[in-house]
Each structure stands twice: as C-alpha cells, then as structure tokens.
Amino acid sequence: MKFTNYIKLKILSAILLLSLSSHAQNLSVIKLPKLLEIMTPQDDTTYVINFWATWCMPCVMEFKNFQDISKKYGGEKVKVVFINLDFFRTYKKSLIPFLKARDVTEQVYLLNEHDYNSWIDKVDKNWDGEIPATLFINHAKNIKQFIARPFNYKELEETIQPLISK
Amino acid sequence: MKHLSKIVLILIAVSTVALQSFAPATSSYKIGDAVANFSLKNVNGKMVSLSDYKSKRGLIVVFTCNHCPFAKKYQDRINELNKKYMMRGFPVVAISANDAQAVPEDSYGEMISRAKEKKYSFPYLYDESQVVATAFGAVKTPHAFVLLNQPGTGNFILEYAGAIDDNCDEPEKVQNKYVENAVNALLEGKQVAVTETKSIGCGIKWKNK
C-alpha cells in the first residue's frame with residue numbers, strides 16, 4: 001500500500017470512529033440499581049420509559065412514535081427514556097447502528113442484567129418481561145402506569161395527556 | 001412515491017397488528033396438575049404423543065421457535081439437554097406454536113430445515129392450532145415445562161415451568177440451570193426446589209382470536 005493511501009485510510013477510519021462515538025454519547029450501559037433510580041424520579045417531569053430491543057419487531061415499529069412524542073412535548077417537561085435490552089455481547093453491532101440510523105437524541109440505557117428473573121418483578125410484579133413495555137411516571141402528580149403492549153402515536157399522546165395537564 | 005409511502009405505512013400497520021401477542025383466554029396448568037395427552041406432527045411427518053413416553057421417567061417440553069433471537073441462543077443447549085437426560089429417562093420434546101402467517105420463518109417447512117441444520121436430537125413438533133401451547137400456558141419462546149411420569153397412574157405431572165436457565169446471552173456464565181436442577185431432583189426422588197420462574201424470550205405469536 002502506498003504511504004499516502006495509508007494516511008488516507010487512517011484519516012478515514014479516524015473520522016468513522018469520531019462519527020460513531022458522537023452518536024453514542026447518549027448511550028450508557030447500566031445495571032439494575034441505576035434502572036431503579038431512573039424509575040423513581042423526584043421532580044415534576046413526566047417520564048416515558050420505554051423497554052425495547054432491536055430484535056423485537058413491534059418495538060422497532062413503535063420506536064418513532066416515542067421520538068415524535070419527545071420532539072413535540074419536550075418543551076412541556078416530558079422526557080422520553082429508552083431502556084434497551086439488546087444482548088450486551090453484540091450491542092455494538094445491533095444497537096449502535098440502529099441509534100445512528102434513527103438519529104436518536106433521547107437518552108438510551110442498555111440494561112446489562114442477564115438474569116431477567118432477578119429484575120423484571122421490580123419494574124412491575126405482573127410483568128412477564130415481554131417487550132415492548134412502557135412506564136409512565138409523574139412523581140409530582142403521583143402517577144405511575146406500566147403498560148406492556150405496543151403503542152401507536154395517538155394512544156401514546158392520549159396516555160401522557162393526564163400526566164402533563166395542569 | 002406518495003403511493004409507495006402509503007403502501008409502506010399500511011404494511012407497517014398490518015404487521016404491527018399481526019405481531020402483537022394475543023394472550024389466550026383459557027387457563028393453564030398449575031404445578032402439580034396432570035397434563036392432558038396431546039398429539040402433534042413432528043418434522044419427520046410422523047405424529048408424536050405425550051402417551052408415547054409412558055415408559056419414560058418424565059419429559060422436558062420446550063416451547064420454542066425458529067426466528068426468536070432468544071430461542072436461537074438456546075438451540076444448542078436444548079440439544080445438550082436431550083443428550084444428557086434422554087438416557088436417564090427424561091428426553092426433550094420441542095414444540096413450535098408460532099403463527100407462521102405472522103412469522104414465515106416459523107413455518108413447518110422452515111422447522112424441518114432448522115431441525116436438519118442444527119441436527120436436533122429430539123422431536124420438533126408443530127402446534128399449528130396453538131391448542132397445546134394454550135393448554136400449557138406457554139407465553140414465550142423458549143418456555144420450558146418439566147413433567148414427571150407419576151408411577152402407577154400413568155399421569156404426567158407438571159413439576160417445573162419457566163426459563164431454561166438464568167443467562168441466555170452467555171451460556172458459560174449461567175448460575176442457575178433451572179430445568180436441569182428440576183430434572184436432577186426428580187431423578188433422585190426429591191421435591192423440585194424452584195418450581196416456577198418467568199420464561200424469558202419472545203412472546204408466542206398467537207393467531208388473532
């Protein structure tokens with residue numbers, strides 16, 4: 001390989017790496033204690049916490065609805081948080097390209113807890129772990145709703161209305 | 001272009017509905033219940049019934065499927081389970097109940113290919129009507145049920161229901177082998193310590209009822 005080509009390759013891969021990392025800034029890998037903290041906010045913001053994975057087809061189909069809600073209601077103290085359940089060993093190949101392709105700016109947490117039976121009861125005791133599932137929380141209004149099914153945009157909007165109305 | 005995006009939207013809407021899980025309304029077996037006989041078509045075209053196993057000490061029934069990433073990660077482990085326990089009188093029977101209309105990868109033809117490709121050492125049955133999955137109360141793939149052949153009565157009693165083990169992604173890091181622990185206890189004539197866990201995986205794809 002010619003030296004100039006080698007340099008070009010280096011520069012290209014550096015750019016590629018930079019673009020990858022800039023898209024992964026809103027992604028962190030967490031364990032159960034952090035999830036429990038996320039699920040117990042202490043402010044008056046409405047949290048829409050969506051449990052999903054890239055391998056789950058209905059999750060992928062409803063994903064944009066949550067992004068749209070986040071964009072429309074972001075100014076009204078609505079915060080969409082994604083709890084991702086992709087396999088930890090392969091998330092760099094599954095999750096990161098997805099987040100990049102969908103231009104995800106919302107906070108994404110990859111929950112790295114392999115033993116589901118040790119944590120799903122703590123989200124909701126009746127939950128069997130099936131995704132998609134979404135937790136709606138407004139601490140100030142003392143509202144907490146856990147719904148384990150897919151949402152279309154209209155249903156999502158209707159569900160958050162009581163949490164954000166004054 | 002407008003037409004195309006409309007078609008895509010309609011397709012997305014249709015497939016969303018098709019992929020939703022509709023939980024069956026009928027009740028399911030509880031631990032200690034006798035399981036009713038069933039008869040389903042194996043990938044070799046022959047029928048397999050629970051009553052075929054009356055000379056065995058028990059049976060490990062695993063509801064699974066082709067497409068689900070969790071089920072795929074357990075394919076080899078289910079094969080190992082059968083190899084380990086078949087000789088000790090506790091073979092494996094796998095059943096796929098997914099609606100092949102919703103997930104073509106789970107069709108009977110695809111099941112035949114998968115069984116060949118992965119050299120399944122156990123029957124892989126097609127529960128097309130979803131009656132058996134409904135009777136068991138299976139909700140996920142994979143979802144395991146350990147049955148004990150009750151001496152004298154010929155009844156198969158449900159002794160364990162739930163996950164195969166506690167680590168789908170990393171088999172080498174498994175700490176609790178729920179199914180193996182249950183079978184080992186039964187082989188020693190002991191009570192099963194953990195009789196129920198929540199099964200982890202993809203929801204069974206029910207036909208719209």
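Two residues are taken to be in contact if their C-beta atoms, placed from the backbone, lie within 7 Å. On that basis, residues 24 or more positions apart account for 73% of the contacts in chain B with a separation of 6 or more. The structure is a predicted model, in which local features need pLDDT of at least 70 and side-chain atom pairs count only at pLDDT 80 or more, while totals for chains, interfaces and linings use all residues. Residues are numbered from 1 along each chain as its sequence is written, with chains lettered from A and ligands numbered from 1 in the order in which they are written.

Chain B, to begin with, comes to five helices and nine strands (DSSP runs numbered from the N terminus, with helices being H or I of at least four residues and strands E of at least two). Read from the N terminus, its elements go α-β-β-β-α-β-α-β-α-β-β-β-α-β. Chain B has 209 residues, and 38% of them count as buried. Here a residue is buried if 20 or more other C-beta atoms lie within 10 Å of its own, exposed if 12 or fewer, and partly exposed in between, the C-beta atoms being placed from the backbone.

Seven of its seven residues are buried, so E7(B) is largely enclosed by the rest of the structure.

Next comes Phe70(B), which belongs to helix H2(B), residues 69-86. With 23 other C-beta atoms within 10 Å, Phe70(B) is buried. Apart from neighbours within four places in sequence, its contacts are Thr141(B), Pro142(B), Cys168(B), Ile200(B), Gly201(B) and Cys202(B). Lys140(B) is 70 residues away from Phe70(B) along the chain, yet their C-alpha atoms are separated by 9.7 Å.

Over in chain A, two β-α-β units share strand E3(A). E2(A), H3(A) and E3(A) make one right-handed unit, and E3(A), helix H4(A) (residues 91-101) and E4(A) make another. A crossover counts as right-handed if, with the strands pointing away from the viewer, the path from the first strand over the helix to the second runs clockwise. E3(A), residues 78-84, is mostly covered, with five of its seven residues buried. Strand E2(A), residues 46-52, pairs with E3(A) in the parallel sense over seven bridges, and E3(A) pairs with strand E4(A), residues 107-111, also in the parallel sense, over four bridges. Ile83(A) takes part in both pairings: Ile83(A) is the bridge partner of Phe51(A), and Tyr109(A) in E4(A) is the bridge partner of Ile83(A).

The helix of the first of these units, H3(A), covers residues 57-73 and has 17 residues. From first C-alpha to last, H3(A) reaches 25 Å, close to the 24 Å expected at 1.5 Å a residue (the expected span is 1.5 Å times one less than the number of residues). Still, H3(A) has a kink of about 30°, centred on Phe63(A), where the bend at a residue is the angle between axes fitted to the seven residues ending there and the seven starting there. Its buried residues are Met57(A), Pro58(A), Cys59(A), Glu62(A), Phe66(A), Ile69(A) and Tyr73(A). An α-helix has 3.6 residues a turn, so residues three or four places apart point the same way.

Elsewhere in chain A, Leu163(A) lies in helix H6(A), residues 153-164. Leu163(A) counts as buried, with 21 C-beta neighbours inside 10 Å. Beyond four places in sequence, Leu163(A) is in contact with Thr46(A), Phe136(A), Asn138(A), Lys141(A) and Ile143(A).

Finally, the two chains meet where 17 residues of chain B are in contact with 16 residues of chain A. On the chain B side, helix H1(B), residues 2-19, gives the most, with three residues.

Methods: Two strands pair if DSSP finds at least two bridges between them.
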